Amino acid sequence: MAFGAFTATAAPVDAAPRKRSLVALFLLLPGILYLALFFLAPLVSLVLTSLQTPDPLAFGEPGAYDYAFKWENYATVIGTYGEHILRSFFYALLATIFALLFSYPLAYFIGVTLRRFPLVQALGLTLVIAPFFISFLLRTLAWKQILSDEGVVVTALKGLSLMGPEAHITGEPVAVIFGLTYNFIPFMTLPIYTSLQNLDLRYVEASGDLYANPARTFFSVILPLSAPGVISGALLTFIPAAGDYVNASSSFLGGRDTQMIGNVIESNFLVTQNYPAAAALSIILMAAILILVSVYVRKSGTDDLL
Amino acid sequence: MSRFFSKYLIWIYSILAFLFLLIPIAYTIVFSFNDSRRSNIVWRGFTLDNWTQVCQAQGVCQSFLNSILVGLTATLLATILGTMIAIALVRFRFRFRNSVTLLLFLPMATPEVVLGAGLAAEFLTAGVAKGALTVILAHTMFCISFVVVTVRARVAGLNPALEEAGRDLYASPTQVFLRITLPLLMPGIIAAALLSFALSFDDFIITNFNSGAFVTFPKFLYTAAARGIPAEANVIASAVFFIAIIFVVVSQLTAAARRKRLARE
């Protein structure tokens, strides 16, 4: 690539422009090449793999495929796993909504109520990110034990006759949605906190002075001003939740009927070695998320997320 | 009564919410002291044995060391590459700027399972054997974007007058960079490195696709989950938790002290 592509124009410096563009190229090239090799090339590799056909000479040996343009693979996986794809987006959507409802008041508390006490505020933030410091898998397993049939929650609910004697929590959709919500709460709370931390309280006072009731103040002033945080929080929760396969796995919170697209990709790739199916599902997931994200970002009017 | 309630409702809610967030952490720590023989599910009494003989359980310590090794290597690589990009993005105008920004944003917007499966497909096609190397390559990839985001803010907040002063005093460009720019960027670079290490250390989904027989700590947990996690794994996770919390609290207290000092001056 010619370094003229990186012509520098800003920041007046004594160095000649040609030299400056060399510096820019030197700074960018290693990282960009790295991402091209280990982010872009894998995506191309996925597309190629998704179109492969079984090797006719391998006699059904697992994992043996030839390059082809077998577009039917996509129709096949949608036919076979359509249910899992829809379920993933449904669970991820519910987890995002629950995480938002849980996080907003908490973020408001840390960002606004605790503003006068900086040290307590720092403590509150630390508590929100504390789950990150214990392994993702262990905290999910902890919930599995707590929600298991012998655990406190089920025993208490059954004792109060709020749950039937044959009912379970783990292995059911409710446990998976719960796990997804819990695990991604910090991703929702932190961006909302950042927005609310910068909220100018004089707007809230002005709204009160103009006789808006608290609900009106919230919906017309506070919520719109914190919208950027809500939008990035929703993306940061929805994307990993839709692709997650730990919570829904049957050794964790899920069961036979809760398998999500991530579980199917994992088992096709790593267990049955049906690489084309796993790759086609990955491409479908990626495309669906990119479409959803770009529509969502455009609708909500924040283009600069990075 | 009702006024009192509405005034303190948010306090009550938030304290309950904090407690809720801490439940699985407390559970993991408590069960690291469980006198468990085989499966660490039922409470059988208090013991310190799991803490004093952590490496008794097969594979726990090895997987932990593997995670540390991967985390340090990937952090080093990602921090260097990401910091270079961050400096270029703030200080230089170039033609493919938007494409570069998009290329950095996309890995963060891609589900991990897609990143993991994609790399695994690439390594399969290229005939690269899965192991420590492929895990490090994968972790470096997803850490770069987070480093760029973190360091970029710091570069943007840098006062160019300080570097100009250095140049005015006849410092060479290398001297300006090493003596002025780099030290001023250091807090951002350290934050980025810590974030990278944390992301790498806890990553499971991408690792699972690219590790082969190489076992990191999260992968050990996933494999062990089917037959029961040994209490020693809880010990390691709890120890990591305490170290991280101490780290955060100390850094927040020093930051608060610095703010106070600045306010007084």
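Colleague: Shall we start with a helix pair: is the crossing in which α3(B) passes α8(B) left-handed or right-handed?

Modeller: α3(B) passes α8(B) in a right-handed crossing. The rule is that a crossing is left-handed if the near helix is turned anticlockwise from the far one by less than a right angle, and right-handed if clockwise. Helices here are DSSP runs (H or I, at least four residues; strands are E, at least two), numbered from the N terminus. This is a predicted model, in which local features need pLDDT of at least 70 and side-chain atom pairs count only at pLDDT 80 or more, while totals for chains, interfaces and linings use all residues. Residues are numbered from 1 along each chain as its sequence is written, and chains are lettered from A and ligands numbered from 1 in the order in which they are written.

Colleague: How should I describe the geometry of such a pair?

Modeller: Two packed helices are described by the angle between their axes and the distance between the axes. Axes are lines fitted to C-alpha atoms, for helices over the stretch in contact, and angles run from 0 to 180 degrees between N-to-C directions. For α3 (residues 60-91) and α8 (residues 173-202) of chain B, the axes come within 8 Å and cross at roughly 140°. α3(B) is therefore oblique to α8(B); angles under 35 degrees count as roughly parallel, over 145 as roughly antiparallel, 65 to 115 as roughly perpendicular and the rest as oblique.

Colleague: Which residues of α3(B) and α8(B) make the contact?

Modeller: Residues are in contact if their C-beta atoms, placed from the backbone, lie within 7 Å. Among those in α3(B) are Ser67(B), Gly71(B) and Ala78(B), and α8(B) contributes residues including Ile189(B), Phe197(B) and Phe201(B). The residues of this contact divide into 8 nonpolar, 8 polar and no charged. Ala, Val, Leu, Ile, Met, Phe, Trp, Tyr, Cys and Pro count as nonpolar, Asp, Glu, Lys and Arg as charged, and the others, Gly among them, as polar.

Colleague: And at what angle do α10(A) and α11(A) pack?

Modeller: At about 155°, with their axes 7 Å apart, so α10(A) and α11(A) are roughly antiparallel. Their crossing is left-handed. Ile261(A) and Phe269(A) are among the α10(A) residues that meet α11(A), where the partners include Tyr275(A) and Leu285(A).

Colleague: How many residues does each chain bring to the contact of chain A with chain B?

Modeller: Chain A brings 73 residues and chain B brings 69 residues. α1(A) gives the most to the side of chain A that touches chain B, with 16 residues. By class, that side has 59 nonpolar, 13 polar and 1 charged residues.

Colleague: Which residues does Ala109(B) touch?

Modeller: Ile239(A) and Val293(A), leaving out residues up to four places away in sequence. Ala109(B) sits in helix α4 (residues 97-109) of chain B. Ala109(B) is partly exposed, with 19 other C-beta atoms within 10 Å; buried takes 20 or more such atoms within 10 Å, exposed 12 or fewer, and partly exposed lies in between, with C-beta atoms placed from the backbone.

Methods: Two residues are in contact if their C-beta atoms, placed from the backbone, lie within 7 Å.
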